[in-house]
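Have the sequence and the 3D view ready.

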Amino acid sequence: MTQEISNVKAVVVYHSGYGHTERMALAIAEGAGAELLVIDPQGNLADGAWEKLDNADAILFGSPTYMGGPSWQFKKFADESSKAWFTNKWQNKIFGGFTNSASINGDKLNTLEYFFLLAGQHGGIWVNMDIKPANTKASVRDDLNRMGSSIGAMAQTDADASPEEMSVGDLETARSYGRRVVRLAQQFLQGKSSQL
């Protein structure tokens with residue numbers, strides 16, 4: 001069911017291999033009041049999902065980081081988004097992104113940069129993080145933005161940990177980021193309507 005914060009229509013389109021990225025997507029969607037659009041194991045979306053993306057004001061991309069980038073399933077979705085690109089359907093939409101990997105670094109930044117460039121290809125407007133990194137000696141695993149990301153939400157989950165064992169701080173970072181994306185989308189929409 002689509003939830004809206006004010007009049008913003010937000011969607012979270014994501015692939016999850018083992019459930020960790022899905023848990024992150026749920027946190028993002030909770031913060032953003034967004035609808036979840038799942039990219040299935042074959043890299044496909046459910047019927048009607050493309051129309052929901054076309055009608056959204058804000059789109060958040062999500063994928064695990066595998067081998068230094070997003071999953072092939074997400075890349076298939078990205079390639080298929082060229083149909084929207086040809087007709088500028090996603091131009092001036094608000095975008096954000098999130099990822100999870102087993103390693104602390106895991107080259108997650110490369111995945112977020114992939115999302116950023118995909119949004120740029122579509123003529124979109126990217127929303128960065130606004131949470132300072134947790135990078136002092138007193139910092140702990142469940143602090144907000146413990147990954148120190150600026151471009152989007154990152155999470156780290158040990159390779160042998162279940163989705164239920166994810167860092168509370170990583171999930172709250174995702175939730176907060178979802179709120180920020182929709183808050184800025186709301187400001188953008190208000191600005192556009194005041195110019196009409």
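Which residue forms a salt bridge with Glu172? Arg175 does, and the closest N and O atoms are 2.7 Å apart. Keep in mind as you look around that this is a predicted model.

## Charges that pair up

Side chains of opposite charge can pair when their charged atoms come close. Searching the whole structure turns up eight salt bridges. Back to our opening pair: Arg175 and Glu172 sit three residues apart in helix α6, so about one helical turn separates them. Glu172 is partly exposed, because its relative accessible area is 26%.

Glu30 has a relative accessible area of 52%, so it counts as exposed.

Now try Lys52 and Glu35, whose side chains meet in a salt bridge at 2.8 Å, N to O. Lys52 lies in helix α2 and Glu35 in strand β3, so this pair ties together parts that are 17 residues apart in sequence. Lys52 is partly exposed at 37% relative accessibility, while Glu35 is buried at 11%.

## Rings that meet

Next up, the aromatic rings: the structure holds 13 aromatic pairs. One of them joins Phe61 and Phe77, with 6.1 Å centre to centre and 65° between the planes. Why is it called edge-to-face? The angle between its planes is 65°, and over 60 degrees counts as edge-to-face. Phe61 belongs to strand β4 and Phe77 to helix α3, so the pair ties together parts 16 residues apart in sequence. Both Phe61 and Phe77 are buried.

Phe61 also pairs with Phe115: their ring centres are 5.8 Å apart and their planes stand at 55°, so this pair is tilted. It links distant parts of the chain, with Phe61 in strand β4 and Phe115 in helix α5, 54 residues apart. Phe115 is buried, like Phe61. Ring pairs go on to link a cluster of residues, among them Trp50, Trp90 and Tyr114.

## Out on the surface

Finally, look for Asp158, Asp160, Glu164 and Glu165, which form a negative surface patch. Asp160 lies in the loop between β8 and α6. Is Asp160 buried or exposed? At 73% relative accessibility, Asp160 is exposed.

Key
Residues numbered from 1 in each chain as written. Predicted model: local features only at pLDDT ≥ 70, side-chain atom pairs only at ≥ 80, totals over all residues. Heavy atoms only, no water. Phe/Tyr/Trp six-rings, centres within 6.5 Å; stacked < 30°, edge-to-face > 60°. Helix = DSSP H or I, 4+ residues; strand = E, 2+ residues; numbered from the N terminus. Buried < 20%, exposed > 50% of the residue type's maximum accessible area, 1.4 Å probe, protein only. Patch = residues over 30% accessible without salt bridge, like charges linked within 9 Å, V, L, I, M, F, W, Y side chains within 5 Å. Areas by Shrake-Rupley, 256 points an atom, 1.4 Å probe, with all protein chains shown as cover. Salt bridge = Lys/Arg side-chain N within 4 Å of Asp/Glu carboxyl O. Lys, Arg positive; Asp, Glu negative; His and termini not counted. Charge placed at Lys NZ, Arg CZ, Asp CG, Glu CD.
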